[in-house]
Amino acid sequence: MGCRTLFFALSCILFAYYISAPIPENVEETWKVGTINALVKMVSFTVPLMVLSTFVKLDVTKPISDEHITVTDTTFSGVPVRLYLPKRKSERQRPAVIYLHGGAFIIGSCKNSAYDLLNRETANKLDAVVLGVDFRLSPQYYFPAPIEDVLSVVKFFLQDKILERYRVDPMRICIAGDSCGATLTATVTQLLKNDPVFKNKIKAQALIYPALQVLDSLVPSQQENEHGPLLTRDMAIKMACLYLTRDEALPQAMRKNQHMPQESRHLLKFVNWSNFLPDKYKKNYIYMKPVLGRLNLSYPALLDSRLSPLLVNDSQLQKCPLTYIVTCQYDILRDDGLMYVTRLQNVGVNVVHDHLEDGFHGALSFMSSPFYLQLGIRIKDKYISWLEENL
């Protein structure tokens, strides 16, 4: 009983501390955002990762069909997927969207209520086939397991016989995702565009507040939004490192921006924010190169463009399809998206960029009771509207 009382008292103290954290004035539903912010940070402080993962699994929905959409859970190439098929009859082939969920590669599912709502509405409004993918998660499965799963699913789906089975137009296919799902979207799209068999089968990609590089952990947005809302710099570093290893040396070095090896020097030009960020986001920050060669342990993945899609050269970026990117002002990952917008535009890729001045990371996950946020609904509506116009 004493332990329970102590835990309850500690929880109350933590909640009171976090609820008092300032929320930017232009963020709507301040009290609700403040409450969610406090709960997220309190849970991240007190609850072990595996318990948190179990809690998120409680939000998994069943494949319930409705009058408009048939929903089915199945496997493609051995990977669990959820398929949304419109019921209405159509004279022509349908577009398709492959959606990759967020969760920092450690939590989440395409079957979570927010993603079920998003994909169901996408299928209904676009009269499109929508596919959610449940790729493997860390720390049980490290990089590049999620990429392998998604590539396997996408290549299976893009077979002519599969597209014919679901009456999908092979010229109207989009890969989309949020957060780490947006990372996977960028990576898989780049890989497919380099594959002669599949390079012409992806019309568009949509990235919602993407993470696109791990080389520089002190870009302006990481300093400016160090304490959130919701996603703090410390939380992001912990989760990013868990995608690679359980070793504590890596996150400790990354907090100091001293995690990259000497061999990465030639890659820094691809993430030099002083060259790619619009002036309004540079503010008074001064570019400082990451300190190289301080970490004794070797992590080859840190040099891999599959982990950091910003690392590909311009000739590779030129191959990217029509692109939609959402960035949020109060997101530590904001500058990754902004740099990608600039680099894609510099090589002539058609990019539509929506920047939410009152936005923050993870809002798309809060679209149902009791954590319903207007910001999440706005992001959903912008994303679906773009798909309607471009797919």
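A charge is taken to sit over a ring if NZ of Lys or CZ of Arg is within 6 Å of the ring centre and within 35 degrees of the ring normal. By this criterion the charged end of R136 sits over the ring of Y141, 5.2 Å from its centre, and the charged end of R343 sits over the ring of F276, at 5.9 Å from the centre. The model is a predicted one, in which local features need pLDDT of at least 70 and side-chain atom pairs count only at pLDDT 80 or more, whereas totals for chains, interfaces and linings use all residues. Residues are numbered from 1 along each chain as its sequence is written, and side-chain values use heavy atoms, with hydrogens and water left out.

Secondary structure is described here by DSSP runs, helices being H or I runs of at least four residues and strands being E runs of at least two, numbered from the N terminus. Strand β5 (residues 168–178) is mostly covered, nine of its 11 residues being buried, where buried means under 20% relative accessible area, exposed over 50% and partly exposed in between, for a 1.4 Å probe and protein chains only. Two strands are said to pair if DSSP finds at least two bridges between them. Strand β3 (residues 94–100) pairs with β5 in the parallel sense over six bridges, and within β5 it is I173 that stands opposite A96. Strand β6 (residues 204–208) also runs parallel to β5, to which it is joined by five bridges, with A204 of β6 as the bridge partner of C174. Together with helix α7 (residues 180–193), β5 and β6 make a right-handed β-α-β unit; right-handed here means that, with the strands pointing away from the viewer, the path from the first strand over the helix to the second runs clockwise.

Rings of Phe, Tyr and Trp (its six-membered ring) pair if their centres lie within 6.5 Å, with planes under 30 degrees apart counted as stacked, over 60 as edge-to-face and the rest as tilted. Nine aromatic pairs are found in the whole structure. The pair of F76 and Y166 is tilted, because the ring centres are 6.5 Å apart and the planes stand at 35°. Since F76 lies in strand β1 (residues 69–76) and Y166 in the loop between α6 (160–165) and β5, this pair ties together parts that are 90 residues apart in sequence. F76 is buried, with a relative accessible area of 3%, and Y166 also counts as buried, at 15%. The rings of F105 and Y243, by contrast, have centres 3.8 Å apart and planes at 5°, so this pair is stacked. It links F105, in the loop between β3 and α4 (113–126), with Y243, in the loop between α9 (233–242) and α10 (249–255), 138 residues apart; both F105 and Y243 are buried.

Most residues other than glycine have a negative phi, and most peptide bonds are trans. A positive phi, near 55°, occurs at R167, a residue of the loop between α6 and β5 that is partly exposed, with a relative accessible area of 34%.
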